[in-house]
Amino acid sequence: MSTTEPDALLGPADIRELAAALGVRPTKQRGQNFVIDANTVRRIVRTAEVRPDDVVVEVGPGLGSLTLALLEAADRVVAVEIDDVLAAALPATVAARMPERADRFALVHSDAMLVRELPGPAPTALVANLPYNVAVPVLLTMLERFPSIERTLVMVQAEVADRLAAGPGNKVYGVPSVKANWYADVKRAGAIGRNVFWPAPNVDSGLVSLVRRSEPVTTRASRAEVFAVVDAAFAQRRKTLRAALAGWAGSTSAAEAALVAAGISPQARGEALTVEEFAAIAENKPGGNRPGEGSDTNDSDTNDSDTNDSDTNDSDPGVNTGINTNTNTASGSGE
């Protein structure tokens, strides 16, 4: 890792100059809020505990604020960007501001939800300012498709950060909480003020740390089967599990039988269960797998389909991010 000059990172004037030269105006459609403070991106890298041997994947690099800070600390950085203009400009920005590290940078011009492989060595860390409108599905998809990612630090809307890090019994505990915990130990890692963005968002932001489980959840059920139970439980979160899982099990009596076999009270609600308890329910589904279940090859298993939960709503078909949005873009450039 090389030492870079203090002015290699982008400041407010640099960001606006770059944006003007490219004719870029941040769009709400893609959740674009560019970080304009060098201290903030260095703080993110420090909180992420990026190591000199890390291969970091970044989703939504935008104009490159966080990208440059990551290149200061990591061995390699792979950035995934959907925006045509931003994707074309970023390699030149890296080459101009950090020429000694340019060969350690790679860009993938794609929707992050469609990426199945990355160039170079397998990524060991995910560090990103995720576009708010697709943060949860992008996060879950990356964790599922790239098991080599050991550590993750994402900046998301504060409300989403709370949901991701919530534990059973918390009023915001839901589908994102359980599914993220399937992959990792999750915790809040700090707050980010609005004034470090351009344009300043109307909501607060938060950092979420995810450290992949050293041992996966012990269960005979597949991820697809467990996530199906989670989706069903939170689709009608105010109902008891006996009622909420009736459709999943085939009837209320079948749901009750599965719950009893799993050691779960039929009168419990999904918000009280751990991911291990959801797995136990999945193991005891009456009649075994339904057609199409029991496979981990369907990427829709990362979707959050609790569309009847008034606390969670998203317009991206089959995907619930835990926040209300009016867009369905699958990636973005939130730097």
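Two strands count as paired if DSSP finds at least two bridges between them; strands here are DSSP E runs of at least two residues, and helices are H or I runs of at least four, numbered from the N terminus. What you have open is a predicted model, where local features need pLDDT of at least 70, side-chain atom pairs count only at pLDDT 80 or more, and totals for chains, interfaces and linings use all residues. Residues are numbered from 1 along each chain as its sequence is written, and side-chain values use heavy atoms, with hydrogens and water left out.

Select 184–192, strand E7, and 205–212, strand E9. The two run antiparallel, joined over eight bridges. Pick Ala191 and you'll find its bridge partner, Gly206, in E9.

**Stop two: the whole sheet.** Now bring up all seven strands: the sheet is open and mixed, ordered E4-E3-E2-E5-E6-E9-E7. E4 (105–109) and E7 sit at the edges with a single partner strand each, so one side of each has no neighbour in the sheet.

**Stop four: helix on helix.** Which residues of H2 meet H3? Show Val41, Arg42, Ile44 and Val45; across from them in H3 are Ser65, Leu66, Ala69, Leu70, Glu72 and Ala73.

Notes. Contact = heavy atoms within 4.5 Å.
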